[in-house]
Amino acid sequence: MARGALSYQLWISVCLLLFFRVRCFYLPGVAPEDFQKGNLLKVKVNKLTSTKTQLPYSYYSLPYCKPKQIVDSAENLGEVLRGDRIENSPYEFKMREPQMCNILCHITLNAKTAKAFKEKIDDEYRVNMILDNLPLVVPIRRPDMESSIVYQHGYHVGLRGQYAGSKEEKHFIHNHLAFTVKFHRDPVTEYSRIVGFEVRPYSVKHEYEGQWNENTRLTTCDPHARKTVTNSDTPQEVEDKKEIIFTYDVDFKESDVKWASRWDTYLLMADDQIHWFSIVNSLMIVLFLSGMVAMIMLRTLYRDISKYNQLETQEEAQEETGWKLVHGDVFRPPLNSDLLCVYVGTGVQFFGMILVTMIFAALGFLSPSNRGGLMTAMLLLWVFMGLFAGYSSARLYKMFKGTEWKKITLKTAFTFPATVFAIFFVLNALIWGEKSSGAVPFGTMFALVFLWFGISVPLVFVGAYIGFRRPATEDPVKTNKIPRQIPEQAWYMNPAFSILIGGILPFGAVFIELFFILTSIWLHQFYYIFGFLFIVFIILVITCAEITIVLCYFQLCSEDYLWWWRSYLTSGSSAFYLFLYAAFYFFTKLDITKPVSGLLYFGYMLIGSYAFFVLTGTIGFYACFWFTRLIYSSVKID
C-alpha cells in the first residue's frame, strides 16, 4: 500500500514538472552571451607568458597602447595564484562589422622601453587576450599533417631576425594584428554567439606622409584604398628613438560550431591514443599485482590459516613459522607513532580533496572557461577535508594508546601546510624580486592564511574531537610485553631496498599521464582529459594498495613485524621517482635558462612530490592495516 502511494506521489510530481516552467542555471562564467549586429565587443588583455622563464608579467608592463583608464577585472583565488592579471584594452570591435587597418596608437621608443621589448622578445614572451571569455589563439598548420591545425595560445611579442645581406641580429615587434572572430548565428533570432577568437600577427614598418597627427593616413595600410597588411616583408625594428604605429584588422567568419562546443578546438588532444596506451600499460601492472595478491590471499594464506588452526599440541605450536609467529608483536605501536598519525591524517585529507575534485572535473563542473576554478576548488576542498584529517589521525592515535589528542591535532593541522607554506613563501619572494605578476599579493596571502587558521585548523580539531571520543579500535590479537627479536633478514628484505622497489610500480602506473600534466603546467597548454585522469587515479590507488600488501606479507613471513612505517614508505617512495622524472623532464623538455625560473620549477615540483608522497603513503598504509587485521583475526591464537 505504501509503495502504491509513493508511486502515485512521484507520478504527480513528474506531471507538475512537465506543466510548470522550470528555471535552469549556468555555472558562473559559463553562461552564453548573445550579440546583435553592431554590438560592441570589448577585448581584454591578460598576462604575458613565457615557457622559457615561467614568470608572467602584466600586459601593461610593456609600453603597449593603453585605454583612457585601466580597469582590473575581478579575479578569483585560483586566477591570482596562477598569475592572471585581466585588464581592459583599447581594442574594440563591432559585431559582424569588419574593420581594416584601425590605428590604435603611435609611440616613440626610448632606450628603456626598447630594452624592455627586446628582453621580452629574447625570452619568447606571448601576449594573451580574451574575448567573450575565449582566449586568443594563433592557428598553425602542422608540417607533418597538412589538414591539421594546432592552436598556439597567444601571439609572440616579436621575433629576432636579420636583414638580407647582414649578419647582425635585430629585434622586430608584432605591431599589426589581423583578428578573426568566429561566430555562430541563430537563423531565427539573428542573434550571434562568439565561438572562436584567432589572430595572425605581423611586423610592419608603417609609413605616412608629413607630420604625425590624429588624422594621418598610412601609406602601408589604408582602408580607403583597400590596402591591408598580408606579410612582414618590411618589419618594424625595435631600437631607441624608433617610431612604432600599432594597427589591427578585424574579420568576422560564420561558423558551424555551436556555442556549447566552442572549447573543443582548444581542448582537442591529437594524441589520445597515448592516453589509451597509458591506461592499458597501467592495467597490465594492476592485473599482475592483482594476480599476486589473489595467489597470496587464496592459496598461501588459506593454506597457512588452515594449517595454523589445525595445530593442536604445544609442540606443534612451538614449531610454527612464518607470519603467525609474530602475532604478539605485529600490533605493537611503532617508533614515532605521533608522526605516523599526523602523516596518515594529512594523507586522508589529500585523498578526499583529489577524489572530490576528480569527480567534479570528470562531470564537467570545472570547465576551462572558468579560469582558476580548478585551483580554487582544490584549495577550498583541502580546507574542508581538514575534518577527515583530524578524525583519522585521532582514531589512529587512540589505537596507539595516546592520551594527548590536542597535541596530535595541532601537529596534523600544521606539519604539512606549514612546510608547504614556507617553501611557497620563499618562491613567492623570488617571483616578487623579479617584479613578475605571478607574485601573490599580500592580500591574497592573508586570505590563504585565513583559510588555514580560520577554517582548516578548527575543522581538524572538530574531526579529532569526534574521532577521539569514539571507542578505540581493538587489535585482533594481544601484544606481548617484551618485544620479540627480529631474525637477520635476507639482502632483498632490507628496508631501504624493499621500500625503493615498492615505489616503482605505482610510479610506472602514472608516469605517462604525468608527462601530459607537466606539459599542461609548464608549457601553458590546456589539460582537460579528466576522464582519463580519473581512471589512472583509480589504477594508482589499486597499485599502491596491492604492492604494499604483497611486500608486507613477505616481510611478516620473514618474521619482521615492523610494518607500520614500512607500509607507508613503500608506496610513498613513488614520490622519489616522481621527483626524478620531474628533473629528467626539466633537462629534456624545457628550455629554462634563468636560475630563478629553475628554482621555481624545482620548488613547485618538490611541493608536488611531497604531496604525492603523503597521498600514496596513506593509501599503502591503510591497505596494509586492513590486510594485517584481516589475517590475524582469521587464526586461532591461544
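Predicted model: local features only at pLDDT ≥ 70, side-chain atom pairs only at ≥ 80, totals over all residues.
1. The chain has 638 residues, and 50% of them are buried. You will find 16 helices and 13 strands in it. Its accessible surface is about 33200 Å², with carbon and sulfur atoms contributing 61%.

2. Now have a look at helix α10 (residues 405–433) and helix α16 (residues 595–632), whose axes lie 10 Å apart at an angle of about 165°. Angles over 145 degrees count as roughly antiparallel, and α10 and α16 are therefore roughly antiparallel to each other. Their crossing is left-handed.

3. If you want to trace this contact, the α10 side includes Phe416, Ile423, Phe424 and Leu427, while the α16 side includes Leu599, Gly603, Tyr604 and Tyr610. By class, the contact of α10 with α16 holds 16 nonpolar and 2 polar residues, and no charged ones.

4. The second pair is helix α13 (residues 530–557) with helix α14 (residues 564–572); their axes come within 9 Å and cross at roughly 135°. The two helices are therefore oblique to each other, and the crossing of α13 with α14 is right-handed.

5. In this second contact, α13 supplies Cys544, Thr548, Leu551 and Gln555, and α14 supplies Arg566, Ser567, Thr570 and Ser571. Sorted by class, the residues where α13 meets α14 are 2 nonpolar, 5 polar and 1 charged.

Notes: Residues numbered from 1 in each chain as written. Heavy atoms only, no water. Axes fitted to C-alpha atoms, helices over the stretch in contact; angles between N-to-C directions. Helix = DSSP H or I, 4+ residues; strand = E, 2+ residues; numbered from the N terminus. Parallel < 35°, antiparallel > 145°, perpendicular 65-115°, else oblique. Left-handed = near helix turned anticlockwise from the far one by under 90°. Contact = heavy atoms within 4.5 Å. Nonpolar A, V, L, I, M, F, W, Y, C, P; charged D, E, K, R; others polar. Buried < 20%, exposed > 50% of the residue type's maximum accessible area, 1.4 Å probe, protein only. Areas by Shrake-Rupley, 256 points an atom, 1.4 Å probe, with all protein chains shown as cover.
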